[in-house]
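Please have the sequence and the model open as you read.

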Amino acid sequence: MTLTLSPPSATAPPLQPQGWLRYLSFSTDHKVIGLQYLVCGFIFYLVGGALAGAIRTELLTPISDFLPRETYNEVLTLHGTVMIFLWIVPVVNGAFGNYLIPFYVGARDMAFPRLNAVAFWLIPPAGLLLISSYFIASAAQSGWTAYPPLSLTTPATGQIIWILSVLLLGGSSIFGGINFIATILKLRRPGLKLMQMPMYCWAMLGTSILVVLSTPVLAGTLVLLSFDIIAHTGFFNPSLGGNAVVYQHLFWFYSHPAVYIMVLPAFGLVSEILPVHARKPLFGYTTMVYSIMGIVFLGLIVWAHHMFTSGTPPWMRLFFTIATSFIAVPTGIKFFNWLATLWGGKIALNSAMLFSCGFILNFVFGGITGVALAQVPFDIHVHDTYFVVGHFHYIVYGGTVFVIFASIYHWYPKVTGRMLNEPLGRLHFLLTFVGFNLCFAPQHWMGLNGMPRRVAEYDPQFELINQVSSVGALLMAVSTLPFLVNVILSAFRGEPAGDNPWNALTPEWLTSSPPPVENWHGEAPLVHEPYGYGVEPGSLSLAATSGRDLWSAGDPERKP
Amino acid sequence: MRIPAAILTLLAGMALVLTGLWVGQNINLLPEDASLNAPVYDELFKVLFSIGTILLIGIAGLIVYSLVRFRRVNGDQGDGVAIEGNLPLEILWTAIPAVVVLFVGIYSYDIYDRMGGMAPLNDHSMHAMHSDAGDSRTWAGISPVAMEASTGEPPLPVDVTAMQFAFIFHYPDAGITAGELHVPVGQPVALTMKANDVIHAFWVPQFRLKQDVIPGQPTLLSFTATKPGRYPIVCAELCGPYHGGMRSTVVVEEPQTFADWVAQNSPAASPDAPTAVQS
Ligand code: HEM
Ligand SMILES: [Cu+2]
Ligand SMILES: [Cu+2]
C-alpha cells in the first residue's frame, strides 16, 4: 500500500476549489462526488416525481383528457427512465457508495478518483439530454423497455436521444462499478480482512459485479436497436427478418439484474443502519454475505420471467419459474436476519429506524407478489397490468427509496455536522408511508380485475380506485416538503451533532463531522468488528456500557 | 402464574395460519371466472394468497412487536445483547422458505399443466388450424391439443389479427370477419394470432389468459368459455398512443345463439356455413 498517511500539509495551496464551489467542480474527493451524486439524483427525483404527478392526474378520469395521448406516452417513458437511471441507480450506488466505501475499507479515496469524477459528470449531461428530447423533437414513447417494433416506429429522434442518454448513464454506471470493485478488493487497509468489512461493502461488491457483467449487454443491445432505427438494419425488425423477442431477452438480461443493482445496495445500507439504532450486532454476518452472493448468481439467470407471455417454450417457463422462486430464499435469509437484529435490541424509534422498518414491511409485500409473479400461470393473467406496477413500486419505492431516506437521516449528521429535526422526520415518514400504501396497494386489485398498465384511458369501473391511488400520490408529493425544509434548515440551524451522535462503530464515525479531506487526520482506524455492539448475554450491567470499544489502530489480538 | 411464552407463541402461530387460510378462501380479489382454466387459476391464487397473507402478517407482527417491546426507554444509553448469529436458526429459516418455494413452484407447474400450458404443439389436430402459417416457428400460450383433450370436442378455429389499434377476428370456416369475438359456450376455441405492426397482447381477464401477439411469429391460444356473457378483450402490451383504447369484446353465447349469429353473418348465407359449429 502506498497511501500517504500523513495529514495534508497546511501550507500547500489547495489544488481544487474550496467551499461550496467544489460541489460544482471536477472534484476528485470521494465525499464531494458522493454528495454530487446525491443532490443531482434528488433533483432528477423531483423531475421524475412531477412526471408521475402528470400520470396520476391523467388517470383521475377514465378518458384521455389531461394530456395528448402521445405526450402521455412520452411522460410515462421519461418517468421510468429518470427514476431508474437518474435517481435510484446513481443514488444507491454512486452517492452512498462513493461516500462510504473508502471509509469502510480504510482508504483515503476511491481507487480511481478521476474516473470517479468522470463517472459522475456523465450523469448531468445525459439527464439533460434525455429531458431536452421532449423539447427538441418529442421524447421517446415506447416505455422504459423500448420494445421493438414499437420503438422502431415511434418518432426516431426521441428514441435515438433516449438511447444515447441511456448509453451514457450505463457507461457511468460501469465506470462506477469498476471503481468499487477495485477499491474494495485492492484499497483495503492492511489488516482488514474481507469478512470484517461492513456489510455495505459486500453489497456494493455484489452489485458492481452485476453492473460490470450485465450493463455492457444493455449497451450492445441499444446500439443494435439504434442501427435498426437509423440504418434500417433488421436485427429486431420482423418485417426485415429480425426477431423482436431476441431484444426482450437481451434487454432483460440487463434489466432483471438492474433491479438488484437498485436493491442490493439498499440491503447493504439497511444492514448498517439497523445495528446502530438497535444497539445490537448485525445478526448472521456470514449468511448475509453468502446470501448476497447467492442473489448475484441467481439474479443473472432469471430474466425470462418478464417474458412468460412472449411465446417462450414451455421448458424455459419452467426453468425461469423455479430459478426466480429460489431468489426468495437468500432474500428471505436477509430479512430474517434483520428481524433477529431488532429482536432483543434497544431500539431507538427515530426517523432512520422508522424508514428502515417501513422498508422491511414494503419489501416483504413486494417480495411476496414477486414470488407469485414468478409462477407462470399466475403471471399470465397479471403480466403487463397494474398488478405488476404495484409489485415493482413496492420494491423500488417502498424498498429502495425508503432506504435512501433512512440513510439520509442516518448519515446527515456525519455529512453536515448537524442533526436533522426528529419531529419533522417522523412526519415525513408518516406521510410517505401512508401515501405510498394508499397509492400502490390498490393497484394490485386493479391489475387483477382487468386494468392494463401504460394506458391513458381505462374501463370506468376503475375510476374510484384510481382516484384513491392519485390521492396517495398527492400525499407522497406533499411528504417531500417537510423533508426538504428539514434538510435545508438543519444545514444552517440544526443542533450540532458532534463526531459520533449515534455511538456507532463503523469507521466513518471515527473522524470529525464533516470529515476532513482524505478522511482522517492521522492513520485510518482499523475496525475489526464493525458491529461490535451489545453486552454479553447474561451480563448484568445492561445499562452501563454503550458499545464495546473494539476499534483501535491495529490491535492484532482481535480475531475476525 | 404466567402462561409460558412457548404456548403463547404456538397459539399466535396457529391463529396466524388460520387467518391466512381464511383470508385466502374468503376474500375474493378476482373478477368473475368464465373459462375452463379460470377456476384452476383461482385455485392457485387462493393458495398463494394464503401463504402471502401468513408471511406478511407474521413479519409485520414481528416488526411491530419488536419496535414496541424492545424500544429504547428514555435515558437508557445501554446496548442490547451481543448475539451475532445462531447457525441452527439460520439454517432453519433457509430451509423453510426453500421448501415453501419448491412446493409453490411444483404446484404451479401442475396448475399450468392442467391449464394446458405444457401440452405439445404439434399434433394431428393442428393442420386444420394454420394451413396458412406454414411457418415452423409457431408459438403457443395454451395449446389447442390440451383443450380438445379436456372437452373431447374439436376446437373452433378463429384467426386473430392485431393491429394498431384493433383486433380483427376471422372465422375461416364460415368466412366471417368481425370486430367482436363470438364464441359458443363449452366448445374449445383455437385462436391463431398474428400482429401486423407492433407487439400487442390479447387478454381476457375473466378467462385469466393473456398472450402476446408478436409480429413475425404466429401464436396459438386456446380456451373454452364456460359462462355466456360479454367480456372485455384488452390489449395489454404498449402499442402506441391509442393503446388504452385498443379493446374489444368476446361474446360467449349458447350454441344455438352462436349458430344463428354465424348464419346471419356468413357472407354468402349458404346453408352449409353453420357447419363451423360442430355441436
Ligand atoms: C423476491 C424477489 C422478486 C421476485 C420473485 C420478482 C419477480 C418479478 C417478476 C416475475 C416480474 C415480471 C412480472 C411481469 O412483468 O409480468 C417482476 C417485475 C418487476 N420487478 Fe420484480 N421480483 C422480485 C424483486 C424485485 C426487486 C428487488 C426489484 C427492484 C429493485 C423488482 C423490480 C421489478 C420491476 C421494475 C419489474 C417490472 C419491469 C417492467 O415490466 O417494467 N422486483 N418481478
Ligand atoms: Cu425480473
Ligand atoms: Cu395494442
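**Copper site, ligand shell and cavities**

Along the chain, the donors of the copper ion (ligand 2) follow the spacing H-x48-H-H; donors are N, O and S atoms within 2.8 Å of the metal (3.2 Å for Na, K and Ca), and sites may look incomplete because water is not among the atoms. This is a predicted model, in which local features need pLDDT of at least 70, side-chain atom pairs count only at pLDDT 80 or more, and totals for chains, interfaces and linings use all residues. Residues are numbered from 1 along each chain as its sequence is written, chains are lettered from A and ligands numbered from 1 in the order in which they are written, and side-chain values use heavy atoms, with hydrogens and water left out.

**Copper site**

- A:His256 (ND1), A:His305 (NE2) and A:His306 (NE2) coordinate the copper ion (ligand 2) at 1.8 to 2.0 Å.
- Distant parts of the chain are linked here: A:His256 sits in helix α7 (residues 244-278) of chain A, and A:His306, 50 residues apart from it, in the loop between α8 (285-299) and α9 (314-342).
- Helices are DSSP runs (H or I, at least four residues), as are strands (E, at least two), numbered from the N terminus.
- A:His256 is buried, with a relative accessible area of 5%; buried means under 20%, exposed over 50%, partly exposed in between (1.4 Å probe, protein chains only).
- The copper ion (ligand 2) is 4.7 Å from the iron atom of ligand 1.

**Shell around ligand 1**

- Ligand 1 is surrounded by 22 residues, the closest being A:Asp379, A:His383, A:His391, A:Ile395 and A:Arg453; each has a heavy atom within 4 Å of the ligand.
- The side chain of A:Asp379 has an N or O atom 2.5 Å from an oxygen atom of ligand 1.
- For A:His383, a polar side-chain atom is 2.6 Å from an oxygen atom of ligand 1.
- For A:His391, a polar side-chain atom is 2.9 Å from a nitrogen atom of ligand 1.
- α10(A) gives the largest share of the shell, six residues.

**Cavities**

- Four cavities of 30 Å³ or more turn up in a search of the whole structure; a cavity is a set of points, on a 1 Å grid over the protein atoms alone, where a 1.4 Å probe fits but cannot get out, and lining residues have an atom within 4 Å of a point.
- The largest cavity has a volume of about 180 Å³, and α5(A) supplies the largest share of its lining, seven residues.
- The second largest cavity has a volume of about 60 Å³; its lining includes A:Arg454 and B:Glu237.

Key
On a 1 Å grid over the protein atoms alone, a cavity is a set of points where a 1.4 Å probe fits but cannot get out, and a pocket is an open set with protein on both sides within 12 Å along at least five of seven lines; lining residues have an atom within 4 Å of a point. Grid points are joined across faces, edges and corners, and a volume is the space filled by probe spheres set on the points. A polar contact is a pair of N or O atoms within 3.5 Å; within protein, one must be able to donate a hydrogen and the other to accept it, and residues adjacent in sequence count only if both atoms are side-chain atoms.
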